[in-house]
Amino acid sequence: MKITKTTCPYCGVGCGVIVEQDAAGAFKVRPDKEHPANLGRLCSKGTALAETLDHPQRLLYPEIDGQRVTWDVATTTIASRFQQIIAEHGADAVAFYVSGQLLTEDYYVANKLMKGYLGAANIDTNSRLCMSSAVAAHKRAFGEDLVSCSYEDLEAAELIVLVGSNTAWCHPVLYQRMVKAKKLNPALQVVTIDPRRTQTADLADLHLGLAPGTDAFLFNGLLAWLAENGHTDHAFVSQSTNGMEQAVELAKTTAPSAQTVATQCNLAVEAVEQFFRLFAATQRVVTVFSQGINQSSSGVDKGNALINCHLLTGRIGKVGAGAFSFTGQPNAMGGREVGGLANQLAAHLDIDNPQHRDLVQRFWQSPRIAPHAGLKAVDLFQAMEAGKVKAVWIMGTNPAVSLPDSAQVRRALLGCELVVVSDCVRNTDTVDLAHIRLPALTWGERDGTVTNSDRTISRQPPFLPAPGEAKQDWQILAEVAQAMGFNAAFQYQSAHEIFREHAALSAFENHGERCFNLGAWQTLTAADYDQLAPMQWPLDAAGQGTTRLFADGKFFTPSGKAQFIAVQPRLPQSQRTPEFPFVLNTGRVRDHWHTLTRTGISPRLSAHVSEPYVEMHPCDARDQGLQDGGIARIYTAPQSVLVKVKTSRDQQRGSLFVPMHWSGQFSGAAGVGALIPAIVDPISGQPESKHAVVAIEAYQAAWQGFLISRRKLALYPSPPSPLSLKGRGGARDSLAPLPLRERGWGEGFYWTAIKVPNAWRYELAGQQPAADWATFARDLLCQHAADVNWTEYLDVARQTYRAARFLGGQLESCLFISAAAERLPPREWLVSLFAQETLSHSDRTSLLAGKPAVAGEDKGRTVCACFNVGEKTIRKVIAEQGLSSVEAIGRCLNAGTNCGSCLPELQALLS
Ligand code: SF4
């Protein structure tokens, strides 16, 4: 048995994972009991990691214009094209767009090449989309991007305030830690502040469902109220802070009373007062904030508004107290350490500070240093469309889906002279638009470190061989740098060497004025690096980590004191109009990650939420003529998406929620980035992804259906060809064409791809019935294979068509179409037939009926992904056995007894 200790590659919790490989080569993943982030827990995504190791669509070889090339050709082409563009247009004409999925060592080399050798700061990261507002708020308040808390503060707290954070789904293991803490200490109070009543609110003693975007009014109100009612920690404020008077004065002006706040936030005054009193009366308060605060055109101010309340009461740097930013991605924090944002230098140094630029240049001994901040993500792609940025290298991220105004991003990439993408996957919406594709290693293959939300640095060592010719990003970057002539500075042989250099830079001329310091690791041996135990930075001289920052009342501003920020609350920039009367909010679902490239290939993870959806209040749905389970078109001129309707009273009236995950590889038109305007916070540049204004209407389907196929079908359209390196229309590889579009079916055609065991399931709908369903089926499923036979059924009167396609005796695919969705059969039994090599006679006979000869149980939508327990089964057991607790459900069905991610949903079913 080979055992590797590593960390989960998904969210910013950074859970420790143990990967076991048995003698037969099979992998098993279990939680690491010793890792301080998770202490033996994993959520559903972490638990399913072993299912996503074999990606069917790996990018294995370098390609230029769709043709395989050698690494040498790829790297020299990139080097010469970048150098040519810099020579003609200056260094600001090139850019890197990187990712919080990269390891710290990859990030470090990318930043060094761009800022120290190419001489521009046009390197930005998708972390811009999730935590750059928190970074800016930290810098303003503390002088450096510092998270003071530790996860153990969640257990030590007496009050946890969760603002704009659906922790239960987005940081599930931290949610589990809070659940346990509350169980052990029933006095622990939890307040959730979120326009949506999310699954996290099940843990709350008080939920404040405030009006979208009004958080700064609430926290200004709290600050004013605390000051007025004698809750100022005068000793702390006078010794350790500056600017309190101005901040409190503006708070009193803008949010003078609980009653005013209640009006501004559309809350009951009693609830506002209850929150204020609770905060005031509790010494150990942790305020957790996440994307609901950050993804706003005033996200930095919102962060500072809540930090102000901790400074006023001295509730920071103490056990169980502080403002705690939960980061989205596994290595967003590591990226911040090495300067992965366009307005940073490495090692928490400032790009706008000439002494810092000089320090970094001397350390790197580089020929130049970027003289000013570079373009932040949204500005970068706008400059690209304007022709100012002519070459971009995108690493491990999918901006064509994830950035706001995604249509603009696609236009920018299509018009860009040189688009290089390194990724592990062959087809993503962004990889499809690249001239040069570079195969990168992914989790389990690459070597390095990550830093999670509470500053814990952990190792991610390899346990799999490199597939094809894939390389780690730092290797690719170093080879391109050497091809540019920067040999000496990029002679790295290992991730360990890079890590030591990164540690050395953090300590270089650092006499205590910079908090971020890994100096004790600058001489780490390779063996010690391999065995590195998780540790929270900064390190002391003896190499010991730091659990909590600011315990000594010292901050990292020039004065050494924390800075209050006077906040003038601002509402979101887009406001409802009669034409666009709904506020659109975006976010994550429990079992998926980013744009589905990894979780979308797991049947287990795809079972929980299998289709893109809009959650809305049932009264709004009724008023718009929408039905639960129907399809809605959400639009804002000129973009639209098609998603399924899910009604819920947890959603405020006038508000919609659509998950962010679905890309063009998994859906016909559900990429919600198309609806988000490119509005950003003026300081952080973070987009306002929680607040767009849209309209919604029913999608009038003439027919609905589903298709189950052993092969993944290329339903997505071939993207338009970008300029190839040899001229427009160059040799893009051929994605299978979209037969429906070619026959006029493409526009307004709804489809979603869902991974199921042994097959792919497609949910379909269209607005025009086919003239000939048999032709339609053959177009979809490709008739030109030997040994194919079909079984078909057509009922013209009921507008029902059913077909199955066999290769030999094996069921290869089946298609069910009906004018009415409710006449379609359940999918589960049909999916189960794909487990059979040769279909039994009885199943073949029953196939087109859509149900077995002897009916089995319909489990309903999967709730517990670990034990595949469905909603209908749970409801039935609750009713039949009179169950009243999640523990009782666990004893009956095992649901909720492994990773615990479904506990909030079990609780919801009980209530
Ligand atoms: S909470 Fe889940 S997704 Fe996040 S790191 Fe832990 S196991 Fe991975």
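Q: What kinds of residues make up the shell around the ligand, by class?
A: In this predicted model, the residues of that shell divide into nine nonpolar, two polar and one charged.

Q: And which residues are they?
A: Around the ligand stand Cys8, Tyr10, Cys11, Val13, Gly14 and Cys15, together with Leu42, Cys43, Lys45 and Gly46, and also Pro172 and Val173.

Q: Which helices supply at least two residues each to that shell?
A: Helix 1, which covers 44-47, and helix 7, which covers 172-184, each supply at least two residues of the shell around the ligand.

Q: How many bridges join strand 2 and strand 3?
A: Strand 2, residues 16-21, pairs with strand 3 over five bridges in the antiparallel sense. As one example from this pairing, valine 17 has proline 31 in strand 3 as its bridge partner.

Q: What about the barrel, in what order do its strands run?
A: The closed barrel has six strands, which run 21-25-22-24-23-26 with mixed pairing. Neighbouring strands there are turned by 45 degrees against each other on average, if direction is ignored.

Q: Which residue stands opposite isoleucine 631?
A: Isoleucine 631 stands opposite lysine 644, a residue of strand 24. Strand 23 (residues 631-636) and strand 24 (residues 639-647) pair over six bridges in the antiparallel sense.

Q: Switching to helices: at what angle do helix 3 and helix 21 cross?
A: The axes of helix 3 (residues 104-118) and helix 21 (residues 495-507) cross at roughly 65 degrees and come within 9 Å. The two helices are therefore roughly perpendicular to each other, and helix 3 passes helix 21 in a left-handed crossing.

Q: Which residues meet there?
A: From helix 3, Thr104, Glu105, Tyr108, Val109 and Lys112 meet Ala495, Ile498, Phe499, Glu501, His502 and Leu505 of helix 21. Sorted by class, this contact of helix 3 with helix 21 has six nonpolar, two polar and three charged residues.

How values were computed
Residues are numbered from 1 along each chain as its sequence is written. This is a predicted model: local features need pLDDT of at least 70, side-chain atom pairs count only at pLDDT 80 or more; totals for chains, interfaces and linings use all residues. Side-chain values use heavy atoms; hydrogens and water are left out. A residue is near a molecule or strand if one of its heavy atoms lies within 4 Å of it. Helices (H or I, at least four residues) and strands (E, at least two) are DSSP runs, numbered from the N terminus. Ala, Val, Leu, Ile, Met, Phe, Trp, Tyr, Cys and Pro count as nonpolar, Asp, Glu, Lys and Arg as charged, and the others, Gly among them, as polar. Two strands pair if DSSP finds at least two bridges between them. Axes are lines fitted to C-alpha atoms, for helices over the stretch in contact, and angles run from 0 to 180 degrees between N-to-C directions. Angles under 35 degrees count as roughly parallel, over 145 as roughly antiparallel, 65 to 115 as roughly perpendicular and the rest as oblique. A crossing is left-handed if the near helix is turned anticlockwise from the far one by less than a right angle, and right-handed if clockwise. Contact means heavy atoms within 4.5 Å.
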